[in-house]
Amino acid sequence: MTVSELEEFKREATRALNQAGLRFVVCKIEESLGHRTLTRSNVDLLETKYRFVRYLERTEGKAIFQGRG
Amino acid sequence: MIRYACFEWLAPLLTDQLVVTSLSGQRVEWGHLSKRDADLNLGSMGNALAVGIGLALALPHRKVLVFESDGSVLLSLFNLPTLVNLNPQTWRYLSSITKRIAALGSATRVRRREKPIWPQLPEGRALIRW
């Protein structure tokens, strides 16, 4: 599915979120440098990885990073 | 259509879905709008889709969203047929695939085992490419 308008995106993203099955949406967007004006997160990428994995451990009840003690 | 507007609309809707982003502007924009622990902002090209496939296979009960860019997908285009061939459905299926990979030691052989079903997409996960 290819979308190029925001309303189309909303419709397809809603389907992706609510329906079972793999959904592949190609979004045709306008070139933008708006992200350069945003305040960047001060969270390091490695920190993001560990935070994500600890979240999975917490919510899935499984040990992923067990450390070496 | 502006990407930031899409993210701005989408971010408040997410609850426990796992989100994987790749590189550059989309990572900055999504990181600006979403502060969830369930976000994995990789900050690299060519592996978001692969990570998303792995998450979908390992956690078939979780919804996984992958935000990719055109360049990032092109860098590892082989992930697309892999996604279709592995067709993540249940943990049992993953276990079977994993054992076969270990036994054969060749991803090519594994792909031959499965009859390609492209462009029919498998059931189970949601995926969005930018």
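Among contacts in chain B (heavy atoms within 4.5 Å) between residues at least 6 apart in sequence, 64% join residues at least 24 apart. This is a predicted model, in which local features need pLDDT of at least 70 and side-chain atom pairs count only at pLDDT 80 or more, while totals for chains, interfaces and linings use all residues. Residues are numbered from 1 along each chain as its sequence is written, and side-chain values use heavy atoms, with hydrogens and water left out.

Me: Why is B:Gln17 called buried?
Reply: Buried means under 20% relative accessible area, exposed over 50%, and partly exposed in between (1.4 Å probe, protein chains only). B:Gln17 has 9% relative accessibility, and therefore counts as buried. B:Gln17 is placed in the loop between α1 and β1 (18-21) of chain B; helices (H or I, at least four residues) and strands (E, at least two) are DSSP runs, numbered from the N terminus.

Me: What is in contact with B:Gln17, leaving aside its neighbours within four places in sequence?
Reply: The contacts of B:Gln17 are A:Leu17 from chain A, and B:Arg36, B:Ala38, B:Lys63 and B:Leu65 from chain B.

Me: Which residues of helix α1 (residues 3-10) of chain B are buried?
Reply: They are B:Arg3, B:Cys6, B:Phe7 and B:Leu10. Seen down the axis of α1(B), these buried residues fall within an arc of 95°, so they line one face of the helix; the arc is that of the directions from the helix axis to the C-beta atoms. Their packing partners are α1 (6-18) of chain A together with α2 (24-33) and β3 (64-68) of chain B.

Me: What makes A:Arg58 and B:Asp37 a salt bridge?
Reply: The term requires a side-chain nitrogen of Lys or Arg within 4 Å of a carboxyl oxygen of Asp or Glu. The closest N and O atoms of A:Arg58 and B:Asp37 are 3.1 Å apart, and the pair forms a salt bridge. Across the interface of chain B and chain A, the rule finds three salt bridges.

Me: How much area do chain B and chain A bury between them?
Reply: They bury about 3900 Å², 66% of it on carbon and sulfur atoms. Buried area is the accessible area (1.4 Å probe) that two parts lose on being put together, summed over both. The contact takes 47 residues from chain B and 37 residues from chain A.

Definitions and conventions. Chains lettered and ligands numbered in written order.
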